[in-house]
Amino acid sequence: LFTIYTQNMCVQVSYTNICIVTFSTFVCERGPENKLYLVAGPELDCWEGAHLWHVAFSVLFLVFFVIGIPAVFSILLLSGMNANKMSDNRFLSRYAFLYSRFQPHCAWWELTILARSFFMSMALVFFDGLPMFQPMLGFMILGICAAAHGYILPFNQKRTNALEFIGLVGNMIYIMCGVLLNAEEKDYGGVQYV
């Protein structure tokens, strides 16, 4: 059976993709005919015809998924904490995926993971045309997350904390390698940068 737990895990896994697709509806560029077109679908003219339908659906996805999922998770966690239900079997069976793998003082950490996905998605979509700023922003987001994770150690198991930290640092290294390997010589007012 496709349980509530499985459905919620699918939502968590797909949150980043939902953010990217939703945000990409709002990114337009000027084309050769001085007309705005959608970067994600160059065949669509921005703010006309079919694009308006895309915007309407994206606003709904923004409200109900991109903002709604963290809001619902926050409400569930706060109601569980305020009513001392975090160890209640009924509450655990429904919402354990939100907090059971974290230390008791870090029950909200899932929201931090969603915030990381949100900001990384924004960096990916809205700063796509800035080849040096985009990876530096991603590096900064991951650096803040790695520092917070290293300081708080939110997971119950030391092994999971180590894996998460290694994953964050590994992604930072991956971004830096991408910057270094894709660096092009640029001439900015007589000064050359690599």
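Arg-30 has its place in strand S1, where strands are DSSP runs of E of at least two residues, helices are DSSP runs of H or I of at least four residues, and both are numbered from the N terminus. The structure described here is a predicted model, in which local features need pLDDT of at least 70 and side-chain atom pairs count only at pLDDT 80 or more, while totals for chains, interfaces and linings use all residues. Residues are numbered from 1 along each chain as its sequence is written, and side-chain values use heavy atoms, with hydrogens and water left out.

With a relative accessible area of 53%, Arg-30 is exposed; the term exposed applies over 50% relative accessible area, buried under 20%, and partly exposed in between, with a 1.4 Å probe and protein chains only. Leaving aside residues up to four places away in sequence, Arg-30 touches Lys-35, Leu-36 and Tyr-37, a contact being heavy atoms within 4.5 Å. Arg-30 can also be placed relative to Cys-46: the two are 16 residues apart in sequence, and their C-alpha atoms are 9.5 Å apart in space.

A disulfide is a covalent bond between the sulfur atoms of two cysteines. Here the term is applied to a pair of cysteine sulfur atoms within 2.5 Å, and by this rule the count comes to 1 disulfide. The partners are Cys-28 and Cys-46, with their sulfur atoms 1.9 Å apart. Cys-28 belongs to strand S1 (residues 28-30), whereas Cys-46 sits in the loop between strand S2 (36-38) and helix H2 (50-82), so the bond ties together parts that are 18 residues apart in sequence. The torsion about the S-S bond of Cys-28 and Cys-46 is about -100 degrees, and the disulfide is therefore left-handed. Cys-46 is buried, at a relative accessible area of 5%. Two further cysteines are also buried: Cys-19 has 0% relative accessibility, and Cys-145 has 13%.

Turning to the chain as a whole, the secondary structure comprises 6 helices and 4 strands. Along the sequence these follow the pattern α-β-β-α-α-α-α-α-β-β. Of the 194 residues in the protein chain, 32% are buried. Among contacts with a separation of 6 or more, 51% are between residues 24 or more positions apart.

Within helix H1 (residues 4-24) lies Thr-22. This threonine is buried, with a relative accessible area of 3%. Beyond residues up to four places away in sequence, Thr-22 touches Ser-58, Phe-61, Leu-62 and Val-66.

The helix pairs come next. Two packed helices are described by the angle between their axes and the distance between the axes. Axes are lines fitted to C-alpha atoms, for helices over the stretch in contact, and the angles run from 0 to 180 degrees between N-to-C directions. Helix H2 and helix H3 (residues 89-99) have axes that come within 11 Å and cross at roughly 120 degrees. That makes H2 oblique to H3, on a scale where angles under 35 degrees count as roughly parallel, over 145 as roughly antiparallel, 65 to 115 as roughly perpendicular and the rest as oblique. The H2 residues Phe-73, Leu-76, Leu-77 and Gly-80 meet Phe-91, Tyr-95, Phe-97, Leu-98 and Tyr-99 in H3. By class, this contact of H2 with H3 has 8 nonpolar, 1 polar and no charged residues; Ala, Val, Leu, Ile, Met, Phe, Trp, Tyr, Cys and Pro count as nonpolar, Asp, Glu, Lys and Arg as charged, and the others, Gly among them, as polar.

The axes of helix H4 (residues 109-126) and H5 come within 9 Å and cross at roughly 170 degrees, and H4 and H5 are therefore roughly antiparallel to each other. Residues making this contact include Trp-109, Arg-116 and Phe-119 of H4, and Leu-137, Ile-141 and Cys-145 of H5. The contact of H4 with H5 divides into 11 nonpolar, 3 polar and 1 charged residues.

Helix H5 (residues 133-152) also packs with helix H6 (residues 158-181), at an angle of about 160 degrees and with the axes 9 Å apart. H5 is thus roughly antiparallel to H6. Among the residues that meet are Phe-139, Leu-142 and Cys-145 in H5, and Phe-165, Leu-168 and Met-172 in H6. This contact of H5 with H6 holds 12 nonpolar, 6 polar and 1 charged residues.
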